Amino acid sequence: MLAIGVGVVLLASFFNVVIPAGIMVVSSRVRTIATLDTTWLTAVYAGTCLYYFYLLALSWRWRQPADKVGYTPHFVCIVPARNEAAVIEQTIECLLALDYEGHYRVLVMNDGSTDRTGELAAKYAPTGKVAVIHRDASVAGRGKGDVLNHAYRVISQWHLPPEHTVVTILDADGRLEADALSIVAPYFACPVVGSVQVAVRIYNAGESLLTRLQDMEFIGFSMFMQMARDALGSVGLGGNGQFVRLSALQSLGQRPWSGCLTEDLDIGIRLALQGWKLRFCSQAFVAQHGVLNYKALLRQRTRWMQGTYQCWHHIPKLLSARGLNSQMRTDYTGYLLMASLVFLIGINLGLNLLAFAGVSFGNGILAYLASNSLPAYYGVSSLLSLGPLSLLLISFVRNCREAPTMTSALFLPAALALYTYVAWVPAGVLALLNIMTNRTGWIKTPRTLPA
């Protein structure tokens, strides 16, 4: 923890406090081209920082539900697979090795694969626990939601008791921990729990800096956000490690999953609007393969951002829903709107660059503090700059399974700040352009290398 603290203070303060202060000095010595008021930007960013602190405090109150001895719902693990020959065998073998006293089955949805995915998956059918559905090329490639709806129709024909059957969604590279089903099962002992989301980690985190930063993002930011939202009752569902009660799916009609590019986010919101309780489980993890190059990362994050924008149509329903308390309405709405913060980050970067060209920020609150009280300026700017990053790193240290070294503590904060700019800001812009040009096609994340 001390090493992390040193790294945050030294590097993050240099990149986020010292340099902006230097920019302010430089810009004050050159010809002023224009004057901009940045008070609104500072206020919005400060509000976001305070909300993150509030969520971190809530995450410390998280508690796992008490175990209900003997409750063992039937699990059906759906694995959508399209050209996943590189990872499908490891995933199925991992599922067959699960340690669970109750019954579970694996349903592999071969979505028109042109490689050996279907052939490799079919090898496990004789075990009696694996069923493989081969989707015809005429209906394949329409998106994950369409595949999951097909799987839902198949499961419905098995005549399982809906209130005691849990559908599990796993990516083709997903690896559940051996005791994951046993850990998740007690949550569903409560009849109003419609879904549970487990934590996500990157199993090839040590392969490169890019995969390490993805792991930090999931274990740091996503973990404390989800634990806090569990306390609020507004957990978000993910596309990997998602557990949904079959009766909850039935309440959404014949096609529970939509065509949204983030069908996981969409179904979670609709389940909440139907009155189902959503929970988060941090004791169980699903590990997935992190992308290995920037192009794949940008394509993945662009799809996530575009899907979030598509879910904005739920905001009026969320604000008026009588079944949701005020905290849930506020958090769900705020979570959706946070996608727009990438533009504020980009604007902030642009304003700093404009300062080099002589644009004055004399009307901004930070500029006012810098002119009248340097200690106040450094205090406010340090809090704004270091706050969110510190929260993420505190959460990462708390939840990671390996103690960080001094070298990583000194280097990773700066890399993480850069990662935020190069991953999310361009993705937000590209996602908006896709919507404006009506590009809504679903593109899966490629498996760059075998697992």
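**Close-up views of the predicted model**

Arg135 counts as buried, at 5% relative accessibility (buried means under 20% relative accessible area, exposed over 50%, partly exposed in between, with a 1.4 Å probe and protein chains only). This is a predicted model, in which local features need pLDDT of at least 70 and side-chain atom pairs count only at pLDDT 80 or more, while totals for chains, interfaces and linings use all residues. Residues are numbered from 1 along each chain as its sequence is written, and side-chain values use heavy atoms, with hydrogens and water left out.

**View A. Salt bridge between Asp111 and Arg135.** The closest N and O atoms of Asp111 and Arg135 are 2.7 Å apart (a salt bridge is a side-chain nitrogen of Lys or Arg within 4 Å of a carboxyl oxygen of Asp or Glu). The pair links distant parts of the chain, with Asp111 in strand E2 and Arg135 in strand E3 (residues 130-135), 24 residues apart (strands, E, at least two residues, and helices, H or I, at least four, are DSSP runs numbered from the N terminus). Asp111 is buried, with a relative accessible area of 5%. A network of salt bridges links Asp111, Arg135, Asp146 and Arg255.

**View B. Salt bridge between Lys144 and Asp171.** Their closest N and O atoms lie 2.8 Å apart. Lys144 belongs to helix H5 (residues 144-156) and Asp171 to the loop between strand E4 (165-169) and strand E5 (175-176), so the pair ties together parts 27 residues apart in sequence. Both Lys144 and Asp171 are buried.

**View C. Salt bridge between Arg270 and Asp266.** The N to O distance is 2.8 Å. Both residues are buried.
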